[in-house]
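Trainee: Could you take me through one part of this model in detail? I would like to look closely at the salt bridges.

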Amino acid sequence: MNPTFSIIMTSYNYAPYIAAAIESVLCQTFEDWEMVIIDDCSHDCSWEIIEKYRDPRISVHRQLVNQGACAAYNRGFSLAQGENIACLDSDDVFMPCKLARQAEFLVDHPEVDICGTFVTEIDRGGLAKSQGNP
């Protein structure tokens, strides 16, 4: 049976952030997901960080040459098997209830084809600034 969500993440030289992004998916209260990570031939240690994650819901793929974000996303989309797609940039994080809230919303509103979320910006000093309602 296909998961409710396929989370697509692309990476290119995001070593300082990618572990937090992956951990934010592992901490989801909604657990029916798969994560497809496409590393676009990073030159930093991103790939070494990505490879350490052994959760069976996470599949990791590395481009042999850098092809750019569009090619990486297209590869991720082609590998996704979920009913819904969620994209997560490798320098961002999901809040713990993000997938649960979106799953509930999509069940309650079958007429909706696309569902976004609000954003909280965090500056270099760690201060948060919300954009919209949480």
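Mentor: Arg 57 and Asp 55 form a salt bridge, with their closest N and O atoms 2.9 Å apart. Keep in mind that the model is predicted. The two partners fall on opposite sides of a cut-off: buried means under 20% relative accessible area. Asp 55 has a relative accessible area of 19%, so Asp 55 counts as buried. Arg 57 has 25% relative accessibility and therefore counts as partly exposed.

The structure holds 2 salt bridges. Another pair is Asp 39 with Arg 62, where the closest N and O atoms are 3.2 Å apart. Asp 39 belongs to strand 2 and Arg 62 to strand 3, which spans residues 58–62, so this pair ties together parts that are 23 residues apart in sequence. Asp 39 is buried, at 0% relative accessibility, whereas Arg 62 is partly exposed, with a relative accessible area of 32%.

Strand 2 covers residues 33–39, and the loop between helix 1 (15–26) and this strand contains Gln 28. Gln 28 is buried, at 3% relative accessibility. Beyond its neighbours within four places in sequence, Gln 28 is in contact with several residues, including Trp 33, Phe 94, Pro 96 and Leu 99. For Phe 94, the separation from Gln 28 is 66 residues in sequence, while their C-alpha atoms are 7.9 Å apart in space.

Note on methods. Residues are numbered from 1 along each chain as its sequence is written. This is a predicted model: local features need pLDDT of at least 70, side-chain atom pairs count only at pLDDT 80 or more; totals for chains, interfaces and linings use all residues. Side-chain values use heavy atoms; hydrogens and water are left out. Helices (H or I, at least four residues) and strands (E, at least two) are DSSP runs, numbered from the N terminus. Buried means under 20% relative accessible area, exposed over 50%, partly exposed in between (1.4 Å probe, protein chains only). Contact means heavy atoms within 4.5 Å. A salt bridge is a side-chain nitrogen of Lys or Arg within 4 Å of a carboxyl oxygen of Asp or Glu.
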